[in-house]
Each structure stands twice: as structure tokens, then as C-alpha cells.
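Please read the following explanation with the sequence and the model at hand.

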Amino acid sequence: MQITFGPFSLIPGERLLKKDGVAVEIGGRSLELLMVLVEQPGRVVLKHELLKRVWPGVVVEEGSLRFHMASLRKILGDGEDGARYIATQTGVGYAFVAPVVKVSPSHTPRRSAAPTTVGSLPVRPARVIGRKHEIETLSDRITGTQLFTIVGPAGVGKTTLAVEIAHASSSHFADGTSFVDLATLQDPALIPSAIAGVLGIPVQGADPLTVILNHIRSRQLLLVLDNCEHLIEAVANIVEQIKDAAPKTSILATSRETLRVRGEHVHWLNPLDYPGDATGMSLDELLSYPAVELFIERASAGNSALTVDSEAARMIADMCRRLDGMALPIELTAGRVATHGLRATSKLLGEWFSLGWTGRRTAVPRQQTLQATLDWSYDLLSESQRRTFERLSVFLGPFTFDAALHVVSDDLVTTETAVACLDELTAKSLIVPDRSGDGSSYRLLEMTRAYAKKLLLARGSDEHQAVARRHADFFTEVLDAIHLADMNLEQEAPLFSHMLGNIRSALEWSFGPEGDALLAVRLAAVSTRAFNALSLLVECRTWCERALRQLDERHVGTVTELELQTAHGLSMMFTRGNTEAVDAALRRALEIATALDDHWSRLRLLGRLHIFHERIGDFESARAWAETAIRVADVIGEPEATAIAASLAGISHHLAGDQTRARRDLELSLRRSLPSLRGRTICYGFDHRNRSTIALARTLWLQGYADQAKRVAEQAVQEASGLDHPITHCIALIWSHSVHLWRGDLPHAQAGLETFSNYAEVNAFGPYIAASDGFRGQLSIQRGEPDNALDLIEDSLTRLHAARYDLLTSTFEIARAEGLILLGRYQEAIERVSATIERCRANGELYQLPELLRAKANALRCIGPDHADEAERDLQEALECSRNQGARGWELRAAMDLARLWKDRDRVADATGLLRSVRESFTEGFDTEDLRAADRLLQTLSARH
């Protein structure tokens with residue numbers, strides 16, 4: 001079925017929308033909305049029905065519906081050149097009003113695949129033996145299947161096959177392929193963060209999965225989830241949600257059991273084929289079996305002089321049979337040929353398995369084969385090698401040579417012995433070199449690690465706890481050294497990512513029943529930098545909370561508590577909102593930094609306290625923190641410190657209404673600051689240079705420099721987008737939005753708002769999502785369309801107050817007053833704006849006071865002539881306040897309104913003189929709406945005069 005309307009054709013079965021025959025990029029939710037609406041053209045579809053159809057089984061707010069409806073209208077060009085597709089019945093629902101034609105074409109071409117790049121996949125295997133049929137079949141099927149799971153026992157080759165398939169089919173996925181190794185995770189709650197990491201999605205909200213789903217809703221990508229079995233229930237739940245939210249995303253999973261998810265396609269991966277009885281077979285016949293081929297390839301890699309004749313091939317075939325065709329045991333056994341020779345290896349293997357094979361294979365044959373192979377490898381080791389092998393099982397993921405030596409070495413295994421043992425274990429393939437990190441590192445394969453871990457535990461609790469302690473000690477010292485070295489976070493992030501599994505493992509043990517509370521608290525403190533560098537704020541908050549609950553007198557008032565409180569305050573601010581607990585944590589950290597004379601930490605904390613009190617609308621406190629920062633910066637005496645303090649002071653002056661001092665401090669901050677870097681942004685929690693830049697743009701407009709303001713605002717947004725830090729980007733977009741609105745540049749304001757709204761929703765920034773509706777309402781009112789705008793603003797303010805995010809309150813109250821005036825609700829406008837004026841006078845947010853007074857005066861004028869005197873007093877005060885603030889942008893608006901009032905009272909000469917004197921002070925911005933309006937009013941006054 002194909003549905004056409006205007007230049008569009010919709011093919012529901014292919015989830016495809018075309019315009020003039022060309023595929024249109026459209027998000028999943030927007031497409032769902034369109035399909036629901038065109039099913040019944042002309043009928044008003046109720047809001048609750050749309051929510052139920054498009055978001056089945058999920059509770060969402062109407063703001064999401066409005067957002068995606070606005071996106072759909074933009075895609076369709078609704079309202080452009082007279083085109084009309086969707087009508088709104090206020091408070092009820094939406095109707096598709098364009099003529100619709102339904103046809104049944106004989107053939108509807110599919111969208112061609114765009115060029116793609118391979119994403120975060122491991123290196124492609126040089127050659128995959130014995131899996132040609134699976135590779136061809138699954139590579140073809142995966143492109144049209146949402147979920148495919150490769151299931152089989154440990155060591156059969158699931159991961160190798162999945163990586164090869166992902167590479168082979170990568171060209172069919174326009175948005176790339178990504179590989180998630182779940183083997184390094186123990187906590188199912190961390191799965192979303194792991195997925196976000198490989199997809200390159202920065203997660204700073206409290207719900208990483210929501211952020212991921214918002215990012216990939218309309219993306220055509222392949223996501224490989226490797227080693228799912230130990231997290232099977234959590235993975236199944238996440239896969240279900242991805243399938244529902246992102247229909248174009250395909251998932252390829254590997255597991256020892258099926259996910260048992262709706263719509264799951266399963267491929268059971270069997271062992272490699274081997275001869276059941278090699279007697280009488282020719283050499284060519286034996287070599288045709290993939291298990292034999294794999295054995296020979298791996299054995300030849302370890303011994304290039306190896307020659308294989310018919311007798312050797314039969315010997316190899318017999319070993320492959322006893323190894324049950326399992327890829328990993330075959331590789332481990334073939335690796336021994338280089339050391340022991342083919343005949344000795346065959347003899348050892350036969351002798352070992354003859355002891356325990358009978359009776360044990362009947363239960364779980366392939367598992368027992370793997371167990372037997374590992375047992376055999378283990379028995380070939382010396383006692384020192386065995387202890388080394390067992391102790392290495394404490395590592396979760398890659399480890400360096402130094403880390404291995406630290407964990408392994410003690411009185412029983414000296415450092416010199418450990419070095420030799422590590423070399424031998426690597427040669428025997430029990431340790432695998434891992435080059436994926438920064439520098440050479442090693443790892444144990446998952447099943448090998450589990451086997452070694454079991455043996456370590458069998459040694460007794462004392463042995464295991466001693467190893468776990470050395471492991472936690474090592475990573476505590478390493479993280480502490482990184483912190484003291486003050487490395488650039490751009491360099492730190494890959495290093496932290498490489499260590500993440502071990503950091504988590506060390507934390508889990510340290511906080512566990514057999515752990516060490518003292519070590520746990522210190523480890524949590526030095527780990528905060530890693531979690532912040534990787535944008536794992538929820539996890540950072542969790543570990544900080546656990547550590548702070550275990551503080552004792554040995555940590556109170558130390559650098560350890562300082563780092564915990566500092567990280568705790570920041571992570572709570574961005575994941576839970578501006579709670580009192582945030583204030584308490586940051587103040588406690590500042591108290592410690594002051595007592596320790598740690599001036600840089602004081603400055604960092606003063607910046608966080610400044611933005612916290614700014615966000616909750618306590619501008620007097622924010623200004624006090626800025627003044628303290630100036631004193632601390634003077635003590636430090638370095639340009640960067642001066643830049644940070646000047647940024648805080650400039651923003652405080654800007655919000656307090658002193659634009660002259662604001663500009664001076666903001667320009668000083670930019671002169672002294674270093675170029676913006678993501679690492680520095682993460683260190684402080686936000687980018688001071690970017691905040692200075694965008695605050696300067698607003699200050700320039702208020703001072704009457706509209707063209708400069710536009711250029712600086714665009715520069716701030718561009719620089720913020722390059723930082724890959726969503727919080728900073730949203731801050732820049734919020735403040736640049738006001739510059740565009742003040743200029744009367746509604747198209748730019750609309751474009752910026754759409755970007756801001758998308759960032760807010762994709763990253764699950766609750767307060768910013770709430771603010772988006774307020775900005776939409778503000779924009780509609782500025783266009784003279786107040787009907788639905790007031791509801792948007794009211795809803796936005798309610799949600800912002802609940803989150804204690806009051807920075808935008810005055811902005812939205814001004815817009816609400818203007819909307820009430822447009823609707824003739826003058827007394828209500830006066831009451832609302834009067835309350836806001838009192839609040840601003842009380843909390844120190846004075847920069848918008850002229851606009852508030854002007855809004856009140858306009859409402860009074862609209863009531864009638866009896867209120868003209870009171871309106872004039874308010875406008876005179878607005879005029880005087882603007883001049884005192886150095887805000888010519890507000891002064892011009894107040895002068896225009898006062899000139900209109902005087903014109904109505906036959907004071908045309910006074911009106912003309914006032915407006916001309918203000919208008920002539922402007923040297924730029926002649927294309928802005930305010931200056932054009934002033935020129936029109938002057939012409940009218942001249943005609944009357």
C-alpha cells in the first residue's frame with residue numbers, strides 16, 4: 001500500500017516517506033505519528049489516542065507529542081507556500097487535512113544503502129575457517145532482521161563469527177556498526193553506559209537508556225552485543241526496548257543461551273566439522289575438514305617448520321575429535337605443538353582425557369571438553385606459573401605488565417619469577433596480548449579467566465583476599481598518580497576507558513564484605529576523575545554516596561573527602577537537579593579546600609557554587625561567590641585563575657544589571673582564558689570560556705551592539721558544539737536564543753530552539769526539556785500567536801520550579817505578561833508581572849527589570865486612560881533603570897513606549913525629542929526589529945508634529 005498527498009508518498013510497510021520520489025529523513029516517532037494520522041484523514045485524532053499508538057506501554061508527557069508533531073510539520077513544510085497538512089484542535093488533538101490517495105503499486109523500490117564506515121568493531125579476523133556458510137547466510141539475513149542471536153557453548157567461536165559478520169555486512173548500515181563487549185561488566189545497571197560509550201553518546205543524565213534510545217530512534221545501524229549470558233535478563237529487557245524504539249537498528253548478539261525476546265532469530269553455532277574416524281582417509285580428505293585446517297594453521301603459526309603428511313594429519317584429526325571440534329581448545333592444543341611437538345602433544349592429550357572422559361562427557365559434552373582442555377593446560381604449568389595464572393583472574397578486562405607484576409608478586413612468587421611466568425603463560429596462549437588500549441596490555445579470555453578464578457578461590461579466602469587487595473591497591477595508586485600528574489583529559493579518557501572494568505571490579509571488592517573500607521573510600525575518591533572523563537555521572541554519584549557513608553576520622557577533612565564531596569555535588573546537580581544536597585556537598589568541599597589552602601580546588605568549587613545558585617535563582621549568593629573567586633584568583637596569581645574569576649564576576653554583573661562592568665570582566669576573562677578544551681570543561685563541570693563568550697553576546701546586545709552580539713553568539717554556539725559536552729552546548733543555545741529574540745530574528749531563534757530541544761530530549765536533560773516548551777511559547781507570543789503559548793509557558797514554569805531551575809523564570813514571566821495582554825487579560829498580566837518585579841528586586845536579578853516595568857506599563861495603558869499616569873511612572877522608571885544599567889537595548893524599547901504614550905497625550909514634541917536622542921546613539925543593528933520600529937515611529941511623530 002502506498003499513500004500519496006501533495007508531493008509526498010508514504011509506504012507504511014517499508015516505513016518510508018518520499019518527496020518527489022526522493023527518500024525523506026524522518027525520525028521514528030514522527031513517522032509513527034504521520035502513519036496514524038493518514039489512516040483516518042479529516043478526523044481529529046485525540047491526544048491520548050496518539051500517545052497510546054505511538055508510545056505503546058510507555059508513559060510520556062504531552063510535551064514529547066508536541067515536540068515530534070512540530071518536527072513532523074517541519075518535515076512536511078506545513079504552512080509553507082500555502083501547504084496545509086495537519087490541523088490542531090486546541091486541547092483536543094490533531095487531524096490530517098490534506099487530500100489523500102491510497103494506491104497499491106506493483107513495485108515500490110527500497111531506499112538504497114548509503115556509504116558507511118565500520119564503527120567500533122574489533123579488528124577483522126585475517127581468515128575465518130569453516131564458517132563460510134554461516135557468514136554468507138547471516139550477513140544476508142542480518143540486514144533485514146532486527147535481532148539475531150548466535151548461541152553456542154563457550155569456546156565455539158561465537159565472537160569471531162559475530163565480528164566477521166559485522167564487517168561483512170557493514171556496508172548495509174548507513175549509520176555504521178558498533179561492538180559492545182559485555183564480558184567486562186558485572187553490574188547489569190552499567191549495560192546502557194557501555195552501549196552509550198561505544199556509540200559515542202555522552203551520557204550525563206540519570207537515565208542512560210533513554211538517552212541512547214533518543215539518539216538511535218531513526219538510525220540505521222548494527223549493534224553487536226557480545227557475551228550476554230551472565231547478564232541475560234538485563235540484556236533481554238534492553239534489547240526489547242531498542243527493538244521497539246529504533247526499528248531501523250539491527251542487533252547481533254552472542255550468548256550461551258537464547259535471549260528469549262519477542263521476534264528473536266536464533267542461529268545455533270555448532271563445533272567445527274572433524275572426521276569421526278580418520279582411518280583410511282587421504283591427506284586431501286583430512287585437510288578438507290575445518291577443524292583440522294584450523295589446528296594446522298594455528299600450529300604452523302607457532303612453528304613454521306611444521307610439516308603435515310598423511311600420518312600427521314590423522315593424528316591432528318584424532319585430536320580434533322577428542323576436542324570435539326571446539327575452536328578454542330583446538331587453538332590451545334595447537335599452540336602446544338610448537339613446544340612439545342605434534343606426537344608428544346597428541347600423547348599428552350590422549351593420556352589426560354583418558355582419565356576423566358568416560359562418563360563425564362554424557363552430561364554436558366562440550367563444556368566438559370573445554371574444562372578438560374583447560375585442566376590439561378593448567379597441569380603443564382609449574383607451581384609458580386599456576387599461582388601466577390590464578391592470580392591474574394582478578395583482572396576484569398585488559399591489564400598492563402606492571403599491573404600483573406604488582407598483583408602476582410609476593411613472598412611465594414617473587415618479581416623475577418613473575419616476569420618469567422608471565423612470559424611463559426603468554427607463550428602458552430593462556431594470556432592473550434591485547435593491543436586495543438593505550439600501549440601493550442594483556443588479558444585472559446573470558447572462559448580462561450573463569451577457570452582460573454575458580455582455582456584461586458579453591459586456594460582459600462586468605463589467598464583470594466590478598467590478591468584482590470593488591471589489585472585494588474594498584475589501581476588506587478595508578479589513579480592517584482594520574483591525578484597528581486594533572487594530565488590532559490583528552491589523553492586520560494582512553495586510558496580510563498581501558499581501566500574501567502578493573503576500576504569497577506576493585507571498587508566492588510573494596511566495598512564488599514571482605515573488602516577494606518579505608519581503601520574503598522580512597523579508591524572511590526581517585527576514581528571520580530575517571531568517571532567524569534567518561535561522562536559516567538550517575539555511576540560517579542553512586543560510588544561517591546557509598547564512600548561518603550563510610551567516611552571516618554581518618555578521611556574527614558582530607559583531600560579524599562574533598563574529591564568525594566566535589567564530585568558528588570557536581571554529579572547530583574546534573575543527574576538529580578538543584579537539590580539542597582548539592583549545595584551541602586559543594587559547601588563542605590569548599591570548607592575542606594579552604595582549610596587545606598588548596599586554592600585551585602577553591603576556585604573550581606566557587607565556580608560550581610556560582611552556577612548552582614544562579615540556576616536556583618539566588619543571584620545575590622551567586623554574586624558573593626564570584627567576589628570570593630576574585631580574591632582567590634588574586635592569591636593564585638595565574639591568568640587562567642583570573643579568567644575564571646572574571647567570568648563568574650562578569651556573569652553576575654550581567655544578571656544584576658550592570659552591563660558596563662559585565663562587559664569589562666567578560667572581555668578580561670576571554671583575554672586571559674585558554675582555548676576551550678573538553679578536558680578542561682569536564683574538570684570544571686562546564687566551560688568558563690564559553691559561558692563568558694555567550695554572556696558577552698547578551699551584554700553587547702543590551703549595550704546597543706546588536707551586530708556584534710549576533711557574531712559573538714554564533715561563535716559561542718559553534719565553539720560549544722566542538723566540545724562534545726552536551727551541558728555546555730545547551731547553555732550556549734539557551735543564551736544565544738535570547739540574543740536572536742531580542743534582535744527580532746525569529747527564524748534564527750526557531751532554528752536554535754529546535755537544536756536545543758533536540759539536545760535536551762536526546763540527552764534526557766529534564767529541566768532543559770521543560771524549558772523548551774517555555775521557549776516555544778515565548779516565540780509564539782513574539783509572533784503574535786498567544787493562544788496555546790500560555791499553556792506551554794505555564795507548564796514549563798511548573799516543571800522548572802519543581803526542579804529548582806529558576807534562572808528562566810523572569811524571561812518566561814515577561815513572555816506570559818505579553819501573551820495575557822494580547823488576549824485582553826490586562827489585570828492578570830499586571831498581577832503576574834508585579835509579583836515578578838518584587839521577586840527580582842529581592843533576589844538581585846535586575847537586568848530584566850526595565851522589561852518587566854515596560855510590560856506592566858503596557859498592561860496599564862491597555863486598561864484605559866485612567867491608568868496613563870501610573871503607566872508613565874513605570875516607563876520613566878524603566879527608562880532610568882536602563883540608563884543606569886548601560887542597557888541601551890532596553891532604553892530604546894522604553895523610550896518607544898513612552899513616546900507612544902506621550903503622543904496619545906498630545907506631547908508629540910517631547911516624544912520626538914526623547915526617541916530621536918536615544919535612536920541616534922545607535923551605530924549598528926539597523927536591520928533589527930527594534931530600530932526599524934523606532935524609525936517608523938519617528939516618521940509618524942514627525943508627520944504629527
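In which helix is the place of Ala168? Ala168 belongs to helix H5, residues 158–168; helices (H or I, at least four residues) and strands (E, at least two) are DSSP runs, numbered from the N terminus. This is a predicted model, in which local features need pLDDT of at least 70, side-chain atom pairs count only at pLDDT 80 or more, and totals for chains, interfaces and linings use all residues. Residues are numbered from 1 along each chain as its sequence is written, and side-chain values use heavy atoms, with hydrogens and water left out.

Ala168 has a relative accessible area of 32% and is therefore partly exposed; buried means under 20% relative accessible area, exposed over 50%, and partly exposed in between (1.4 Å probe, protein chains only). Leaving aside neighbours within four places in sequence, Ala168 is in contact with Arg124 and Ser139, where contact means heavy atoms within 4.5 Å. Between Ala168 and Glu539 there are 371 residues in sequence and 35 Å in space, C-alpha to C-alpha.

Leu342 is found in helix H13, residues 342–356. Its relative accessibility is 12%, so Leu342 counts as buried. Not counting residues up to four places away in sequence, Leu342 touches Phe295, Ala312, Met315, Ile316, Met319 and Val337.

Why is strand S9 largely enclosed by the rest of the structure? Five of the five residues of S9 (residues 147–151) are buried, which is why the strand is largely enclosed. Leu147, Thr149 and Val151 are buried on one side, and Phe148 and Ile150 are buried on the other. S9 runs parallel to strand S12 (residues 250–255), with five bridges joining them; two strands pair if DSSP finds at least two bridges between them. Thr149 has Ala253 as its bridge partner in S12. S9 also runs parallel to strand S13 (residues 265–268), to which four bridges join it, and the partner of Val151 in S13 is Trp268.

In soluble globular proteins, nonpolar side chains tend to be buried together. The largest nonpolar core here has 126 residues, and those with the most contacts inside it include Ile734, Phe756, Leu892 and Leu915. Such a core is a set of buried Ala, Val, Leu, Ile, Met, Phe, Trp, Tyr and Cys residues joined through side-chain atoms within 4.5 Å. Helix H32 (residues 726–743) gives the most to this core, with 10 residues. Another core lies apart from it and has 59 residues, among them Leu444, Ile482, Ala520 and Ala530.

The second largest pocket holds about 1,800 Å³ of space. On a 1 Å grid over the protein atoms alone, a pocket is an open set of points where a 1.4 Å probe fits, with protein on both sides within 12 Å along at least five of seven lines, and lining residues have an atom within 4 Å of a point. Of the 50 residues that line this pocket, the closest to its centre are Arg66, Phe67, Met69, Ala70 and Ser71. The largest share of the lining, 10 residues, comes from H3.

Arg804, in the loop between H35 and helix H36 (809–822), has a positive phi of about 55° although it is not a glycine. Asp906, in the loop between helix H40 (888–904) and helix H41 (908–919), has a positive phi of about 65°.

Key:
Grid points are joined across faces, edges and corners, and a volume is the space filled by probe spheres set on the points.
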